[in-house]
Amino acid sequence: MYQDLIENRIATDVLNCAFEIHKTLGPGLLESVYEQCLAYEIALKGWKVETQVPVPMNYKGICFEAGFRMDILVENKVVIEIKAIENLAPVHFAQTLIYLKMGDKKLALLVNFNTKLLKDGIHRIVNNL
């Protein structure tokens with residue numbers, strides 16, 4: 001039997017929070033508003049939340065700050081990338097996967113709040129699962 005991964009429990013709580021925010025605020029606001037609200041709601045669930053987490057880049061053995069930042073990191077395990085745009089592009093999925101790889105994380109949620117139905121803006125991205 002497979003052990004329930006903590007990442008899945010975190011993701012379930014994060015998505016419940018995102019749905020609550022979208023139901024309350026709707027689409028059309030800035031990413032920063034959704035980020036602050038989501039971080040607040042996730043923390044209320046009892047999870048450790050960090051925002052705008054720097055992602056160091058390693059190139060040929062040299063580690064440096066390249067300006068990459070994860071929008072939200074929960075329990076140092078799940079990356080939440082927030083968008084509030086008309087349509088997601090392939091680069092948004094690639095960016096989120098890069099954050100997973102560079103941060104050595106397994107699960108990310110790419111959430112676009114600028115949709116009529118939030119379920120249409122949610123994407124689960126995995127790294128080596």
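**View 1. Contacts of asparagine 112.** In this predicted model, asparagine 112 touches Lys83, Ala84, Ile85, Glu86, Leu88, Leu118 and Gly121, leaving aside residues up to four places away in sequence. Asparagine 112 belongs to strand S4, residues 107–112. Its relative accessibility is 2%, so asparagine 112 counts as buried, the cut-off being under 20%. A polar atom of the asparagine 112 side chain lies 2.9 Å from the backbone oxygen of isoleucine 85.

**View 2. Surroundings of isoleucine 21.** Isoleucine 21 sits in helix H1, residues 6–25. It counts as buried because its relative accessibility is 5%. Beyond residues up to four places away in sequence, isoleucine 21 touches Gly26, Tyr34, Cys37, Leu38, Glu41 and Phe113. Isoleucine 21 and leucine 118 are 97 residues apart in sequence. In space, their C-alpha atoms are 9.9 Å apart. Leucine 118 is also one of the residues touched by asparagine 112.

**View 3. The five-stranded sheet.** Five strands form an open sheet in the order S1-S2-S3-S4-S5. The pairing is mixed. Strands S1 (49–59) and S5 (122–126) stand at the edges. Each has a single partner strand, so one side of each is left without a neighbour in the sheet. Neighbouring strands are turned by 35 degrees against each other on average, direction ignored.

**View 4. Pairing of S2 with S3.** Strand S2 (residues 62–74) and strand S3 (residues 78–83) run antiparallel. Three bridges join strand S2 to strand S3. Isoleucine 72 has isoleucine 80 as its bridge partner in S3. Strands of a sheet pair through backbone hydrogen bonds.

Note on methods
Residues numbered from 1 in each chain as written. Predicted model: local features only at pLDDT ≥ 70, side-chain atom pairs only at ≥ 80, totals over all residues. Heavy atoms only, no water. Helix = DSSP H or I, 4+ residues; strand = E, 2+ residues; numbered from the N terminus. Buried < 20%, exposed > 50% of the residue type's maximum accessible area, 1.4 Å probe, protein only. Polar contact = N/O pair within 3.5 Å; in protein donor to acceptor, adjacent residues only side chain to side chain. Contact = heavy atoms within 4.5 Å. Pairing = 2+ DSSP bridges. Axes fitted to C-alpha atoms, helices over the stretch in contact; angles between N-to-C directions.
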